[in-house]
Amino acid sequence: MLRSPLRAPQFATAVLLLAAGTVRGQAVLQPGIGAVPGGQTVPTVAYDAALAALAAGDFAGGLEIAAQEYRGGIRAGSQRWIDSIAAATAVGEANYELGRFREAIAAYDEALLLWATHGDWLLAVQFPAQPLRGRGPQRVATWGRSQRPTSPAAIPEQLSIRQGGADPQQVLRQGGVLTAPVNYPVRPQEIVRALVIALYRRAEILGELSREGAALDEAAKALVRRPAPPNHWSQSWIDVALGIAYWAQGKVDQATPLLTRGLVAAGEFDHPLTSWGLIVLGRIALDADQPAVAARYFEEATYTAADFGDARALEEAFRLAFAARMSTGSGWVPAAFSTAADWARGTLPSLRARLLSMQAEALAAGGDFRAANAALGDLDGRLMRGDFGRGACGIQAAHAAAIVAYGAGDVSAGDADLARALDLAAPRTPRLFQTARLVELVMGGATSISDRQADALFARLLGDPPAREFALDPVGSLATISAPRREAFEAWLGPAAQRGPDALLAAGEARLRSRWLTAQPLGGRRHAIGSLAAADPESLPRDDAARRAALLARHPDFARVLDETVKLRPALTAALADPADAPGHRAAWDSCAALVRQQRQFVAALAAGREPTVLDFPPLEPPPDVRRRLPNRHLILSFQWTTAGLTGALESNARVATWQVKRPATLAKEIAGLVKAIGVVDAMAPVSTERLAETVWPGAAERVERLLFENSKVALGEGVEELVIVPDGLLWYLPFELLPVGSAREVAAEDPAARATPAEERRSLRDACRIRYAPTRGLAVRSFAVAGGGPLGIHAARLHRGDRPEVAAEVLAHFAEAFDRAVVLGASGPLALEAALCDRLVLCDELAGDEPIADRPLAVGIGGRPALTFGEWVALPAKRPRVVLVPGLQTDMADGLGKMPERPGEDMFLAATDLLAAGAHTALIGRWRTGGKTSLDLMEEFLRGFGEGDDARAAPAECWRRAVDVVAAEEPDLAREPRVKPSPGAGLRDTTHPFFWSGYALIDCGPGRPSEAAAPRADP
């Protein structure tokens, strides 16, 4: 019985070579002179030693042997011979296992080019004249039985190839030495198998990018000539090789019949390439979303790979069979893998370790955590501490350990194991490598790829993995969506801009969306699963409701926990309204907290596993669909600020205009100047009334407006009812409300009257139209059901660092008196759970810090209670608040932008998107905080206007504008304005100065779910 990838004598010699660390030196042979030194075959036993090292998990050792074999290859002058095809492939395989994809691709390309150079060599092989025969019915595999009516062929391990021999007539004419032809001993099946592996692995690493390149083209052209003896069983080798070449080129229709025909030689026998043909047919079935069909191909490939001692095919077939079966929920995996792992014991350490890791995950997914831990405990610790443990098996083992930990309820341990798996997977994920390679091509100005092709490739590579990819390759998919890929998104904008405004807008929207997703746990996957599971099915679109039902049907325990949480809600809402009886409600709060912990445990396990998932937030819609949802006279003004420059776009429901801002560096300086002119210089120091009495900011605002729009044909304020601004980068810190209307266009038209108008007398944008902000264009027109009627939750610690505790008490008392259904948070149960039950939420805390937004407090803890962070707010349980006010957010601009942040605007962008991700439709967040009476009055007035009338959701931007108008007209109580310092002889009659109100950005998703009325007419 064969239990290694090598015949017994060759395996023994390979082991000796591994132990001695010796391989043969270079042999330079002229055709027809001599023979291979030492009677060795081509490829030599050193090639076998390299494969044996890989099968033993010694990737670095395998690379060293393969590299020496390649350097010592046979040459005719400077030309390498066919032995280097096998050696180059072995070099590629070792680099592949080490995660060195770039070096692997170079080696595979070399193998393909050498094949093309010596494309007819099989015609010189002296095949036996006898018909092909079978070895007999006995098969090697013990873990299953083939369903194919075939048996392994008895193909000679070593044959001869006729080489050399000078042409007598040429010698007579030109001189030289007349030599006789020589027969070299070769193993043709090893060389053809090396070609097939190079074709397959190159396509696996490069994906769609594999379709381009001279190496593949030349190899395919050589194979099309069918360079094997006609009407001979070796033509089946050509069928498989050419079929894989076509598959690598994306020609699946041409590949499939060739692969199917090439599975058997002489019409009835498996051969050394059968397993690779089955593997590629399985890959084609996977791409067609037929995992059960694919699994059967892969399982069959394991049987024939074992018959022919092909460890590389065995590992690949088992890996893919496991992925396909796990994606279908079949119970085939644990039993078969246990048997196969026993079969591989002692002879194939790499395969055994991979099988144990896969078995552990399958057992954990089935709930048998003790057996899963036992399988992981059987892993060879010495093997796992080396390169092998840092490769694919290390990734698989760490992932399996995470699934076990989550299933046992230890989320922190599961997170640590999963983080280790992702760290190992990041440099070994083909999709990330393909993205980096595409960036190199585009940024390097490669002419082999057009703007159209680059735009399409970026869209696929940077888009969300299909839902089934999570089921097939969970760690690779998680590594992909968790990677920021900022450089790639910026590179995408170049070819997208060449394709037109909509392509540019689509790329920019995907870039902003990815920025939020990569800031979330597991690239937003936990949020996607949790928000879908906890959603009210009555409020979901039909397709989403069906996905939710299917998810909970697959995980009934999760559904039970969610149902129990919902049943507790009435009692908790009653407890929130009656904080005086807090001890009586404690059991309900404790029960809810326990259920929430279980919810998060379920989500952690599902997100780490193979649950098919759609990442539906932030929504990603085609630009025309976004525009169609804009009412008449409503516009979206969006920007993309990258290292390459700043681009603006203005859209109505009928048209779109884009432009490039000429001087973004100058604009950045002017924005910082405007911030200082407003009075924002220091995060803590008060601003004097003397400085606020100055009117220097209008000139700074005009300079900013001119720089933003000087290269456009845009005139904001003309016929605009509502303007939605989607900022980017530093523009998040710009109060667009202050910009004058049309000064850039007037100056561009060289209107002397316009230039003569003082800046302070110009009409501002807030006077011309309603203004709201959105993190992405899709969120500006988000669909949601309008709801309300719940309590208003109030939380106050201190809006200014110097506030006394009684100030917070006064704030709470004021809001409780001003609003009928106001409740004070933190008085009855856990802050996060109480806040989740409210319909509207006001958090009057100073929220500052250098940590990422996810770790920054959204509400400060009081009296020993833990703070509520943004990250916790996004996580389960489901949140009810649709309006959230966070006036005390302290951003990176609070110090006046004297030192530019590393990522300007990131704090505001992430905070705003987090609030919407948790369910809010409207949020008010601060750029800088004033922390005084004016701030509280603005919040109160906004809530009053926002909550009145049946049509209150229609225009929250109008409610905010009205609140500013009402409060700004009042004389301030400077004793209750901690950020303002009275100056002798310089009082304030009102708070119209933008320091008091322009630090707030109204984030809003629009009016909600579209009505059934006819679509709005296009703007004239």
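The model is predicted, with pLDDT of at least 70 needed for local features and 80 or more for side-chain atom pairs, whereas totals for chains, interfaces and linings use all residues. Residues are numbered from 1 along each chain as its sequence is written, and side-chain values use heavy atoms, with hydrogens and water left out.

Five of the five residues of E21 (residues 1000–1004) are buried, so the strand is largely enclosed by the rest of the structure; buried denotes under 20% relative accessible area, exposed over 50%, and partly exposed in between (1.4 Å probe, protein chains only). Tyr1000, Leu1002 and Asp1004 point one way from E21, while Ala1001 and Ile1003 point the other way.

Aspartate 682 lies in the loop between helix H31 (664–678) and strand E10 (687–688) and is partly exposed, with a relative accessible area of 34%.

Glycine 346 occupies the loop between helix H14 (332–344) and helix H15 (349–365) and is exposed, its relative accessible area being 72%. The C-alpha atoms of glycine 346 and alanine 56 are separated by 9.4 Å, although these residues are 290 residues apart along the chain.

Terms used:
Helix = DSSP H or I, 4+ residues; strand = E, 2+ residues; numbered from the N terminus.
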